[in-house]
Amino acid sequence: MIYLDYQATTPLAPEALQAMLPWLESQHANPHSAHAPGRAAKAVVEVARDAVAALLPAGGSVSFTGGATEAINWAIKGVGPGRIVTLATEHAATLDTVEALARMGRAVTVLPVGADGLVDLEAARVAIVPGTALVAAMLVNNEIGVIQPIAELAAIAHEAGALFLCDAVQGYGRVDIPEGCDLIAISAHKIHGPKGVGALWVREGVTVEPLLHGGGQEASGRSGTLSPALCAGFGVAARLASAGHEDDAAHIAALWASATGRLDAGWTVNGSVERRYRGNLNIRHDGLDVNRLMSELRDIAFSAGSACASGSGRPSHVLRAIGLSDVQARSSIRLGFGRYTTEEELMVAMDRIVAAAAAQRIAA
(Lines give C-alpha, C1' and ligand atoms only; values in the text may rest on other atoms or scores of the structure.)
Protein backbone atom coordinates (compact mmCIF):
# COMPACT_ATOMS: atom_id res chain seq x y z
CA MET A 1 0.00 0.00 0.00
CA ILE A 2 1.26 3.46 -0.97
CA TYR A 3 -0.04 5.89 1.65
CA LEU A 4 -0.80 9.39 0.34
CA ASP A 5 -3.35 10.72 2.83
CA TYR A 6 -1.20 12.69 5.27
CA GLN A 7 -3.85 15.39 5.73
CA ALA A 8 -6.26 12.79 7.15
CA THR A 9 -3.63 11.36 9.46
CA THR A 10 0.11 10.67 9.49
CA PRO A 11 1.93 7.41 10.25
CA LEU A 12 2.86 7.07 13.91
CA ALA A 13 6.56 7.77 14.42
CA PRO A 14 8.37 4.70 15.79
CA GLU A 15 9.96 6.87 18.48
CA ALA A 16 6.52 8.06 19.60
CA LEU A 17 5.30 4.48 19.83
CA GLN A 18 8.28 3.49 21.97
CA ALA A 19 7.62 6.39 24.34
CA MET A 20 4.00 5.29 24.71
CA LEU A 21 4.49 1.57 25.27
CA PRO A 22 5.54 1.60 28.95
CA TRP A 23 2.44 3.64 29.81
CA LEU A 24 0.26 1.15 27.97
CA GLU A 25 1.91 -2.04 29.21
CA SER A 26 2.92 -1.63 32.84
CA GLN A 27 2.65 1.94 34.13
CA HIS A 28 -0.99 2.71 34.67
CA ALA A 29 -1.10 5.42 37.34
CA ASN A 30 -3.40 8.41 37.13
CA PRO A 31 -1.24 11.52 36.52
CA HIS A 32 -3.54 13.49 38.81
CA SER A 33 -2.89 11.21 41.81
CA ALA A 34 -0.57 12.35 44.60
CA HIS A 35 1.24 9.04 45.20
CA ALA A 36 4.63 8.21 43.71
CA PRO A 37 3.38 6.38 40.58
CA GLY A 38 0.95 9.25 39.99
CA ARG A 39 3.74 11.80 40.30
CA ALA A 40 5.83 9.79 37.81
CA ALA A 41 2.93 9.82 35.36
CA LYS A 42 2.48 13.57 35.88
CA ALA A 43 6.17 14.13 35.18
CA VAL A 44 5.79 12.39 31.81
CA VAL A 45 2.81 14.59 30.98
CA GLU A 46 4.70 17.76 31.91
CA VAL A 47 7.76 16.79 29.84
CA ALA A 48 5.40 16.27 26.90
CA ARG A 49 3.68 19.60 27.57
CA ASP A 50 7.03 21.40 27.40
CA ALA A 51 7.90 19.68 24.11
CA VAL A 52 4.53 20.59 22.56
CA ALA A 53 4.82 24.19 23.80
CA ALA A 54 8.28 24.57 22.26
CA LEU A 55 6.70 24.71 18.79
CA LEU A 56 4.20 27.39 19.87
CA PRO A 57 4.62 31.11 20.61
CA ALA A 58 6.03 32.13 23.96
CA GLY A 59 3.76 33.64 26.59
CA GLY A 60 1.00 31.08 26.75
CA SER A 61 -0.03 27.77 28.27
CA VAL A 62 -0.80 24.38 26.71
CA SER A 63 -3.83 22.42 27.87
CA PHE A 64 -4.13 18.88 26.54
CA THR A 65 -7.47 17.86 25.05
CA GLY A 66 -8.98 14.80 23.44
CA GLY A 67 -8.15 16.22 20.02
CA ALA A 68 -8.30 19.36 17.92
CA THR A 69 -12.07 19.19 17.54
CA GLU A 70 -12.45 19.54 21.30
CA ALA A 71 -9.87 22.33 21.36
CA ILE A 72 -11.68 24.28 18.64
CA ASN A 73 -15.07 23.80 20.29
CA TRP A 74 -13.61 24.91 23.62
CA ALA A 75 -12.07 28.05 22.13
CA ILE A 76 -15.14 29.11 20.17
CA LYS A 77 -17.69 28.36 22.88
CA GLY A 78 -15.49 29.64 25.69
CA VAL A 79 -15.06 33.25 24.60
CA GLY A 80 -17.30 36.07 25.77
CA PRO A 81 -20.39 37.39 23.98
CA GLY A 82 -20.12 39.02 20.58
CA ARG A 83 -19.96 38.26 16.89
CA ILE A 84 -17.85 35.39 15.58
CA VAL A 85 -16.11 35.81 12.21
CA THR A 86 -14.62 32.90 10.31
CA LEU A 87 -13.87 31.74 6.75
CA ALA A 88 -15.90 29.63 4.34
CA THR A 89 -13.02 27.16 3.93
CA GLU A 90 -12.60 26.29 7.61
CA HIS A 91 -12.69 22.75 8.93
CA ALA A 92 -16.10 21.38 9.94
CA ALA A 93 -14.99 21.55 13.58
CA THR A 94 -15.14 25.33 13.23
CA LEU A 95 -17.99 25.77 10.76
CA ASP A 96 -20.34 23.33 12.46
CA THR A 97 -19.62 24.90 15.85
CA VAL A 98 -20.35 28.45 14.73
CA GLU A 99 -23.44 27.21 12.89
CA ALA A 100 -24.68 25.62 16.11
CA LEU A 101 -24.08 28.88 17.98
CA ALA A 102 -25.86 30.82 15.22
CA ARG A 103 -28.94 28.63 15.70
CA MET A 104 -28.90 29.71 19.34
CA GLY A 105 -28.87 33.37 18.32
CA ARG A 106 -25.14 34.15 18.16
CA ALA A 107 -24.15 36.63 15.45
CA VAL A 108 -21.86 34.90 12.94
CA THR A 109 -20.14 36.11 9.77
CA VAL A 110 -18.56 33.64 7.35
CA LEU A 111 -16.17 35.36 4.96
CA PRO A 112 -15.74 34.11 1.38
CA VAL A 113 -12.38 33.35 -0.20
CA GLY A 114 -11.04 33.91 -3.68
CA ALA A 115 -10.33 31.36 -6.39
CA ASP A 116 -6.90 30.90 -4.82
CA GLY A 117 -8.47 30.00 -1.48
CA LEU A 118 -7.23 33.14 0.28
CA VAL A 119 -9.37 35.56 2.24
CA ASP A 120 -9.63 39.17 1.07
CA LEU A 121 -8.13 41.22 3.90
CA GLU A 122 -10.15 44.30 2.98
CA ALA A 123 -13.36 42.30 3.25
CA ALA A 124 -12.11 41.02 6.59
CA ARG A 125 -11.58 44.58 7.82
CA VAL A 126 -15.15 45.46 6.89
CA ALA A 127 -16.55 42.43 8.73
CA ILE A 128 -14.35 42.50 11.83
CA VAL A 129 -15.64 45.49 13.74
CA PRO A 130 -15.99 46.46 17.41
CA GLY A 131 -18.38 44.03 19.04
CA THR A 132 -16.66 41.06 17.45
CA ALA A 133 -15.65 38.55 20.12
CA LEU A 134 -13.62 36.07 18.08
CA VAL A 135 -12.05 35.65 14.67
CA ALA A 136 -11.23 32.04 13.74
CA ALA A 137 -9.06 31.04 10.79
CA MET A 138 -7.05 28.02 9.71
CA LEU A 139 -3.31 28.38 9.19
CA VAL A 140 -2.98 25.62 6.56
CA ASN A 141 -6.15 24.41 4.90
CA ASN A 142 -6.69 20.69 5.32
CA GLU A 143 -8.14 20.18 1.85
CA ILE A 144 -6.12 22.45 -0.45
CA GLY A 145 -3.07 23.33 1.67
CA VAL A 146 -3.47 27.09 1.27
CA ILE A 147 -1.74 29.21 3.94
CA GLN A 148 -3.93 32.07 5.15
CA PRO A 149 -2.48 35.48 6.20
CA ILE A 150 -2.81 34.70 9.90
CA ALA A 151 -0.68 37.56 11.24
CA GLU A 152 -2.70 40.11 9.30
CA LEU A 153 -6.04 38.62 10.35
CA ALA A 154 -4.94 38.56 13.98
CA ALA A 155 -3.93 42.22 13.79
CA ILE A 156 -7.33 43.16 12.32
CA ALA A 157 -9.06 41.19 15.08
CA HIS A 158 -7.09 42.97 17.78
CA GLU A 159 -7.83 46.39 16.29
CA ALA A 160 -11.51 45.59 16.77
CA GLY A 161 -10.99 44.29 20.29
CA ALA A 162 -11.54 40.66 19.31
CA LEU A 163 -9.61 37.52 20.16
CA PHE A 164 -8.03 35.44 17.40
CA LEU A 165 -8.22 31.63 17.19
CA CYS A 166 -5.82 29.85 14.85
CA ASP A 167 -6.64 26.31 13.79
CA ALA A 168 -3.04 25.23 13.33
CA VAL A 169 -3.75 21.50 13.04
CA GLN A 170 -2.27 21.15 9.54
CA GLY A 171 0.50 23.68 10.10
CA TYR A 172 1.81 22.85 13.58
CA GLY A 173 5.33 21.44 13.32
CA ARG A 174 5.40 22.11 9.58
CA VAL A 175 5.20 25.88 9.10
CA ASP A 176 5.86 28.71 11.51
CA ILE A 177 2.87 29.90 13.51
CA PRO A 178 2.78 33.71 13.36
CA GLU A 179 2.74 35.85 16.47
CA GLY A 180 -0.52 37.53 17.41
CA CYS A 181 -2.70 34.49 18.06
CA ASP A 182 -4.67 34.34 21.29
CA LEU A 183 -5.80 30.72 20.98
CA ILE A 184 -4.22 27.91 18.94
CA ALA A 185 -5.69 24.45 18.36
CA ILE A 186 -3.39 21.54 17.46
CA SER A 187 -3.50 17.76 17.13
CA ALA A 188 -0.92 15.01 17.64
CA HIS A 189 -1.88 12.66 14.83
CA LYS A 190 -1.10 15.19 12.11
CA ILE A 191 2.60 15.26 13.15
CA HIS A 192 3.24 11.50 13.50
CA GLY A 193 1.83 11.32 17.02
CA PRO A 194 -1.10 9.25 18.32
CA LYS A 195 -4.77 9.84 17.67
CA GLY A 196 -6.94 10.91 20.58
CA VAL A 197 -4.88 13.79 21.93
CA GLY A 198 -4.62 17.45 20.97
CA ALA A 199 -4.14 20.73 22.76
CA LEU A 200 -5.38 24.27 23.08
CA TRP A 201 -2.73 26.95 23.55
CA VAL A 202 -4.06 29.97 25.43
CA ARG A 203 -2.15 33.23 25.47
CA GLU A 204 -1.30 34.61 28.88
CA GLY A 205 -4.08 36.92 30.07
CA VAL A 206 -6.78 35.26 27.95
CA THR A 207 -9.56 33.38 29.70
CA VAL A 208 -11.89 30.82 28.14
CA GLU A 209 -14.82 29.25 29.94
CA PRO A 210 -14.52 25.47 30.36
CA LEU A 211 -16.15 23.25 27.77
CA LEU A 212 -15.94 20.17 30.00
CA HIS A 213 -16.76 20.47 33.68
CA GLY A 214 -15.44 18.13 36.31
CA GLY A 215 -12.13 18.05 38.10
CA GLY A 216 -10.56 21.00 36.29
CA GLN A 217 -7.29 19.10 35.98
CA GLU A 218 -5.75 21.30 33.29
CA ALA A 219 -4.54 24.82 34.08
CA SER A 220 -7.02 26.49 31.72
CA GLY A 221 -9.93 24.62 33.30
CA ARG A 222 -10.24 21.54 31.09
CA SER A 223 -11.54 18.54 33.04
CA GLY A 224 -10.75 14.88 32.53
CA THR A 225 -8.03 12.36 33.29
CA LEU A 226 -5.13 12.67 30.88
CA SER A 227 -3.48 9.67 29.25
CA PRO A 228 0.27 9.67 29.97
CA ALA A 229 0.75 7.38 26.96
CA LEU A 230 -0.96 9.72 24.52
CA CYS A 231 0.74 12.78 25.97
CA ALA A 232 4.15 11.07 25.81
CA GLY A 233 3.61 10.17 22.17
CA PHE A 234 2.53 13.74 21.38
CA GLY A 235 5.62 15.15 23.10
CA VAL A 236 8.04 12.91 21.22
CA ALA A 237 6.30 13.70 17.91
CA ALA A 238 6.69 17.42 18.67
CA ARG A 239 10.39 17.00 19.45
CA LEU A 240 10.92 15.08 16.20
CA ALA A 241 9.10 17.79 14.25
CA SER A 242 11.31 20.44 15.81
CA ALA A 243 14.58 18.58 15.32
CA GLY A 244 13.76 17.51 11.76
CA HIS A 245 11.99 20.66 10.59
CA GLU A 246 14.51 21.63 7.89
CA ASP A 247 14.97 18.07 6.63
CA ASP A 248 11.22 17.48 6.51
CA ALA A 249 10.65 20.74 4.64
CA ALA A 250 13.35 19.97 2.07
CA HIS A 251 12.02 16.44 1.56
CA ILE A 252 8.46 17.65 1.06
CA ALA A 253 9.55 20.38 -1.37
CA ALA A 254 11.40 17.76 -3.43
CA LEU A 255 8.37 15.46 -3.41
CA TRP A 256 6.09 18.31 -4.53
CA ALA A 257 8.41 19.16 -7.42
CA SER A 258 8.59 15.55 -8.53
CA ALA A 259 4.85 14.99 -8.21
CA THR A 260 3.79 18.12 -10.10
CA GLY A 261 6.38 17.34 -12.75
CA ARG A 262 4.50 14.12 -13.52
CA LEU A 263 1.21 15.89 -14.26
CA ASP A 264 0.19 16.41 -17.87
CA ALA A 265 -1.59 19.47 -19.22
CA GLY A 266 -5.03 18.16 -18.30
CA TRP A 267 -4.45 18.53 -14.57
CA THR A 268 -5.03 21.70 -12.53
CA VAL A 269 -3.84 22.41 -8.99
CA ASN A 270 -6.70 23.60 -6.78
CA GLY A 271 -5.90 26.69 -4.71
CA SER A 272 -2.87 28.92 -4.56
CA VAL A 273 0.39 27.31 -5.60
CA GLU A 274 2.51 30.10 -4.10
CA ARG A 275 0.95 30.39 -0.62
CA ARG A 276 0.74 26.70 0.10
CA TYR A 277 2.06 23.89 2.24
CA ARG A 278 3.57 21.64 -0.39
CA GLY A 279 2.79 18.37 1.33
CA ASN A 280 -0.77 18.86 0.09
CA LEU A 281 -1.42 18.35 -3.62
CA ASN A 282 -5.10 18.85 -4.43
CA ILE A 283 -5.64 18.45 -8.16
CA ARG A 284 -8.49 18.04 -10.62
CA HIS A 285 -8.94 16.67 -14.09
CA ASP A 286 -12.16 17.65 -15.83
CA GLY A 287 -14.28 14.60 -16.54
CA LEU A 288 -12.40 12.40 -14.10
CA ASP A 289 -14.51 9.71 -12.42
CA VAL A 290 -12.86 9.74 -9.00
CA ASN A 291 -14.84 6.78 -7.66
CA ARG A 292 -13.68 4.66 -10.58
CA LEU A 293 -10.12 5.92 -10.12
CA MET A 294 -10.09 4.94 -6.46
CA SER A 295 -11.58 1.54 -7.27
CA GLU A 296 -8.89 0.86 -9.88
CA LEU A 297 -6.07 2.03 -7.58
CA ARG A 298 -7.06 0.35 -4.32
CA ASP A 299 -3.43 -0.11 -3.28
CA ILE A 300 -2.91 3.67 -3.25
CA ALA A 301 -4.44 5.53 -0.31
CA PHE A 302 -5.55 9.02 -1.33
CA SER A 303 -8.62 11.14 -0.78
CA ALA A 304 -11.48 12.32 -2.92
CA GLY A 305 -11.85 15.27 -0.56
CA SER A 306 -11.59 15.74 3.18
CA ALA A 307 -11.55 12.46 5.09
CA CYS A 308 -13.35 14.28 7.92
CA ALA A 309 -16.46 14.58 5.73
CA SER A 310 -16.13 11.40 3.69
CA GLY A 311 -19.24 9.38 3.08
CA SER A 312 -21.51 12.42 2.97
CA GLY A 313 -21.85 12.28 -0.80
CA ARG A 314 -21.56 16.07 -0.90
CA PRO A 315 -18.84 17.83 -2.90
CA SER A 316 -16.16 19.50 -0.82
CA HIS A 317 -17.31 22.80 0.71
CA VAL A 318 -13.74 24.08 0.32
CA LEU A 319 -13.65 23.39 -3.41
CA ARG A 320 -17.08 24.95 -3.81
CA ALA A 321 -15.87 27.99 -1.85
CA ILE A 322 -13.04 28.61 -4.33
CA GLY A 323 -15.54 28.64 -7.19
CA LEU A 324 -15.48 25.09 -8.48
CA SER A 325 -18.69 23.57 -9.78
CA ASP A 326 -20.03 20.35 -8.29
CA VAL A 327 -18.70 18.49 -11.32
CA GLN A 328 -15.23 20.02 -10.96
CA ALA A 329 -15.16 19.36 -7.22
CA ARG A 330 -16.09 15.73 -7.82
CA SER A 331 -13.27 15.49 -10.37
CA SER A 332 -10.67 16.43 -7.76
CA ILE A 333 -8.38 14.31 -5.60
CA ARG A 334 -6.10 15.13 -2.69
CA LEU A 335 -2.65 13.60 -2.33
CA GLY A 336 -0.85 14.11 0.97
CA PHE A 337 2.77 13.13 1.59
CA GLY A 338 5.49 13.77 4.12
CA ARG A 339 8.37 12.45 6.20
CA TYR A 340 7.95 8.75 5.50
CA THR A 341 6.96 9.05 1.83
CA THR A 342 9.70 7.95 -0.55
CA GLU A 343 10.15 9.58 -3.93
CA GLU A 344 10.03 6.17 -5.59
CA GLU A 345 6.60 5.25 -4.21
CA LEU A 346 5.22 8.72 -4.94
CA MET A 347 6.38 8.52 -8.55
CA VAL A 348 4.83 5.07 -8.95
CA ALA A 349 1.56 6.43 -7.59
CA MET A 350 1.63 9.55 -9.76
CA ASP A 351 2.34 7.58 -12.94
CA ARG A 352 -0.51 5.18 -12.20
CA ILE A 353 -2.95 7.99 -11.37
CA VAL A 354 -2.07 9.93 -14.52
CA ALA A 355 -2.28 6.78 -16.67
CA ALA A 356 -5.65 5.77 -15.19
CA ALA A 357 -7.04 9.25 -15.83
CA ALA A 358 -5.78 9.13 -19.43
CA ALA A 359 -7.42 5.74 -19.92
CA GLN A 360 -10.72 7.19 -18.77
CA ARG A 361 -10.42 9.96 -21.34
CA ILE A 362 -9.74 7.46 -24.12
CA ALA A 363 -12.63 5.25 -23.03
CA ALA A 364 -14.96 8.23 -23.01
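Which residues are buried in helix 2?

## Helix 2

In this predicted model, the buried residues of helix 2 are Gly38, Ala41, Val44, Val45, Ala48, Arg49, Ala51 and Val52. Viewed down the helix axis, these buried residues fall within an arc of 165°, so they line one face of helix 2. Arg39 and Asp50 lie on the other side of helix 2, where they are exposed.

Helix 2 comprises 18 residues, numbered 36-53. From its first C-alpha to its last, helix 2 reaches 26 Å, which is close to the 26 Å expected at 1.5 Å a residue.

## Packing of the buried residues

The buried residues of helix 2 pack against both helices and strands. The helical partners are helix 1 (14-25) and helix 7 (228-243). The strand partners are strand 2 (60-65) and strand 7 (183-187).

The model contains 1 cavity of 30 Å³ or more. The space within the largest cavity is about 30 Å³. Its lining consists of Thr89, Gly117, Met138, Asn141, Ile144, Val146 and Gln148. By residue class, the lining of the largest cavity divides into 3 nonpolar and 4 polar residues, with no charged residues.

## Val348 in helix 12

Val348 belongs to helix 12, which covers residues 343-363. Val348 and Ala259 are separated by 89 residues in sequence, and their C-alpha atoms are 9.9 Å apart in space.

Technical notes:
Residues are numbered from 1 along each chain as its sequence is written. This is a predicted model: local features need pLDDT of at least 70, side-chain atom pairs count only at pLDDT 80 or more; totals for chains, interfaces and linings use all residues. Side-chain values use heavy atoms; hydrogens and water are left out. On a 1 Å grid over the protein atoms alone, a cavity is a set of points where a 1.4 Å probe fits but cannot get out, and a pocket is an open set with protein on both sides within 12 Å along at least five of seven lines; lining residues have an atom within 4 Å of a point. Grid points are joined across faces, edges and corners, and a volume is the space filled by probe spheres set on the points. Ala, Val, Leu, Ile, Met, Phe, Trp, Tyr, Cys and Pro count as nonpolar, Asp, Glu, Lys and Arg as charged, and the others, Gly among them, as polar. Helices (H or I, at least four residues) and strands (E, at least two) are DSSP runs, numbered from the N terminus. The expected span of a helix is 1.5 Å times one less than its number of residues. Buried means under 20% relative accessible area, exposed over 50%, partly exposed in between (1.4 Å probe, protein chains only). The arc is that of the directions from the helix axis to the C-beta atoms. Contact means heavy atoms within 4.5 Å.
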